[in-house]
Amino acid sequence: MTNGFRERFERYIEQNDLAAPGDRILLAVSGGSDSMVMLSLFAECGYDIGVAHCNFMLRGRESDGDEAAVESEASRLGVRYHVKRFDTQAEMERTGESMEMAARRLRYAWFDELRREHGYTSVAIAHHADDSTETFFINLLRGTGLRGLTGIAVRAGRIIRPLMFASRKEILEYAMAHGIAYREDSSNASTKYLRNKIRLGLIPRIREINAGFAGIMRRNIARLTEAQTFIDSAVCMIRSDVVDSADGVDTIHVDRIDPGLPRGFVVYQLLNSAYGFKGDVCDSLRRALERGSTGRRFYSKEYTACIDRGDIKVFRTEPDDPCAVEVERDAVRCYCGNSALWFERCDIAMIKDYGVPEHIAQLDADQLHYPLTLRRWRDGDRFIPFGMNGFKKVSDYLTDAKVSAAERERQFVLLSGEDIVWLVGRRIDDRYRLTDKTDNVLRITKEIV
């Protein structure tokens, strides 16, 4: 299986225009089999490379061992080595992000900093075909649109992924055949994370049904990617006919959309491709449009959309906009500023731990009145912080917690009626905590997007 692997690597880089003579490439090397094989291949092929290793300090001696192994290999090959240690746990506590989200944001920001400082042309990440398949299922389960089903891009700006032609099995076989040392990450065996549940649980079951699943998925993802490319081209043509821009406001004239086209799908593509609106937000907007609503606002990470007499107005969200949105009982996800809230409903028997990190809220679902409201906090807001008996102003709580001015501007609250049930990412209201009388739970997880 390893015969011709290096030739496939070189051919893949050439076919996808991932590197050219004279390029300097920064390799993200964790110490695992994928990145160590990538390092070996780039070195053998004579590319001008540097190595970047992130120590997230989450696995103690194991993390330090990874760092030492990567440094040793970079030294042996005589390539420039960059390393940075991140206090990932502290960053998670500061932002309320999950471990995966915090680590991803930290490493990509550092890679970009290194690239600009040292003149690297691009940054190579050792994702492979199986990673793309896993991403397909992650996005499928989260209810993504077609774009999310196209897997992982071979190139995204300055990021390149030169191992996307190979499977995890092929990479491991190459490492074994060529004596390439690598480190095993113990967290890869944990089913705590969704990706691992798919990798270790779902995909092996599918392979039992169809042994050719890997090849089929590669072809499926390739077709979906081509379909999305075609759609992007068509949407660009439609945009020129139905969107006008003036004074910082884009107006989508819905009545100009060809009646022979699926209007809801076209509206979604227009809002998603240029402004980053997600599918569930677009669904809510479309329902409001069909009801003839006027004035309701909908939010993406950076933009606001509102319905105005059958048209859709889109503009950048102002810093003082309350960003108020309604959260229906069956909502799976909603957005607040640069974060997403994921909603999960379950029986109290499913809750294993009442003590959860601040980016997770566990509320007594039977105490809530829908629709909930999510908005920025404002002067005069008050709640009863978990563990306390009396009300406290949100402004005083943020001051006591030494929250910076920039973070205060990004602070949201979740309300049931007039009650704040969660100072998002920080503290729930004591009246909505889980008790021995709780039967049903609303579990909410905040993630930075």
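The radius of gyration of the protein, taken over C-alpha atoms, is 24 Å, which agrees with the value near 22 Å that a compact globule of 449 residues would have under the rule of 2.2 Å times the number of residues to the power 0.38. The model is a predicted one, in which local features need pLDDT of at least 70 and side-chain atom pairs count only at pLDDT 80 or more, whereas totals for chains, interfaces and linings use all residues. Residues are numbered from 1 along each chain as its sequence is written, and side-chain values use heavy atoms, with hydrogens and water left out. Along the principal axes, the C-alpha atoms fill a box of roughly 65 × 55 × 50 Å.

The secondary structure comprises 13 helices and 22 strands, defined as DSSP runs (helices H or I, at least four residues; strands E, at least two) numbered from the N terminus. Of the 449 residues, 47% are buried, where buried means under 20% relative accessible area, exposed over 50%, and partly exposed in between (1.4 Å probe, protein chains only). Among contacts (heavy atoms within 4.5 Å) between residues at least 6 apart in sequence, 67% join residues at least 24 apart.

When residues up to four places away in sequence are not counted, V37 touches F5, I171, Y174, A175 and I180.

Most residues other than glycine have a negative phi, and most peptide bonds are trans. Against this background, R309, in the loop between β10 (303-308) and β11 (311-316), has a positive phi of about 50° and is exposed, with a relative accessible area of 72%. C323 likewise has a positive phi, of about 55°, and is placed in the loop between β11 and β12 (325-327), but this residue counts as buried at 6% relative accessibility. A cis peptide bond with an omega of about -5° joins Y370 and P371, the latter lying in the loop between β15 (360-364) and β16 (372-376).
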